[in-house]
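Reader: I would like to learn how to read salt bridges in a model. Please show me the structure.

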Amino acid sequence: MKIYRKALITFVSLAVTSACALGGCSGGNSPSASQTEAPDFTDNTNDEAFRAAKEGGLKALGIDPEKLGIKPVVIKASAKEPGFQLQPPEEGETVAVVKTSMGNFSMRFFPEIAPKAVENFLKLARGGKYNNTVFHRVINGFAVQGGHIGTDEKQPNGESSYGKPFEDEFCDKLYNLRGAVSMANSGRDENGSQFFVNQTNSDKFRENGGWAFYDNIWKESCEQLKQYRDNDRFLEAYIDENGERMINTDIVPNEVKALYNAHGGNPNLDGAFNAADRGNTVFAQVYSGMPVVDKIAAVKVDSDNVPKENVIIKSIDFTKYTNPKK
């Protein structure tokens with residue numbers, strides 16, 4: 001079965017860039033803050049931070065986002081606190097146990113925030129569609145990806161439960177932190193069946209340059225955008241090629257930066273902060289079994305990041321969460 005490789009492009013490109021920074025290509029220094037200590041970031045956010053991220057990020061550079069077809073929708077979860085996804089499930093909450101050939105991990109869902117993505121996953125999993133599929137892309141220190149269903153190359157991200165690609169659901173309170181489960185895609189609103197688990201830990205996040213690395217990428221993007229803003233063809237080509245990199249770090253809240261510093265993850269995938277409306281929808285969080293995810297991430301892979309020996313999703317079972325401390 002041929003797997004469309006671009007489904008991982010949103011985070012493969014940054015993994016390669018991160019490796020470059022680690023090798024000294026960026027010339028930046030890694031932050032020295034501990035896992036529990038929040039760095040002294042400059043907080044430029046306000047009540048309209050996400051509108052500013054989408055409109056101000058480009059408009060401040062003299063670029064009209066709507067002219068480029070950038071019309072983002074960010075879900076405002078005002079009742080939620082940043083980091084709520086890291087809390088254990090509530091008693092009686094529906095959770096999933098992903099049984100793999102290397103062990104099991106469990107995940108909780110966020111249907112109130114990402115209803116389409118959650119419904120899609122639940123329907124496919126309950127229908128046995130994920131059974132005996134493989135983790136077909138693995139990048140240690142970054143993510144493990146699986147869930148491809150179907151052989152139709154017109155549906156490169158796998159066949160969704162809706163029979164067609166469905167739209168992104170970016171939220172201001174859900175992030176691609178370590179353990180977050182997100183939809184893979186090959187562009188805006190191109191979600192299918194594939195998903196991935198963010199695996200970057202806090203040590204790797206800082207080793208790759210931390211927020212200084214992402215600050216530098218945003219500054220470089222702004223310089224390029226200013227150069228191309230008077231040439232629509234070059235501007236569109238640049239954003240098409242580099243949109244996944246354009247996280248506007250100027251408006252990422254202090255507390256979100258601290259979460260990534262403490263727990264790890266891949267902030268470049270957060271659509272709520274991306275000036276070009278690119279990113280990956282977070283719809284679940286692994287709350288138990290991350291050592292199994294790390295074990296999967298450590299398998300030997302070929303030059304395309306495909307495991308040399310299949311790591312199989314045997315089944316995905318659903319149950320009601322029971323607090324083990326009770």
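Author: What follows is a short walk through some salt bridges.

Author: This is a predicted model, where local features need pLDDT of at least 70, side-chain atom pairs count only at pLDDT 80 or more, and totals for chains, interfaces and linings use all residues. Residues are numbered from 1 along each chain as its sequence is written, and side-chain values use heavy atoms, with hydrogens and water left out.

Reader: How many salt bridges does a search of the whole structure find?

Author: Side chains of opposite charge can pair when their charged atoms come close. The cut-off: a side-chain nitrogen of Lys or Arg within 4 Å of a carboxyl oxygen of Asp or Glu. The search finds 12 salt bridges.

Reader: Which parts does the salt bridge of Lys67 and Asp232 tie together?

Author: The N to O distance is 3.2 Å. Lys67 sits in the loop between α2 (49–59) and β1 (74–75), and Asp232 in helix α6 (residues 232–242), so the pair ties together parts 165 residues apart in sequence. Helices (H or I, at least four residues) and strands (E, at least two) are DSSP runs, numbered from the N terminus.

Reader: Is Lys67 buried or exposed?

Author: Buried means under 20% relative accessible area, exposed over 50%, partly exposed in between (1.4 Å probe, protein chains only). Lys67 is exposed at 57%. Asp232 is partly exposed at 35%.

Reader: What separates Lys123 and Glu119 in helix α3?

Author: About one helical turn, because they are 4 residues apart in helix α3 (residues 115–126). Lys123 is partly exposed at 46%, and Glu119 is partly exposed at 33%.
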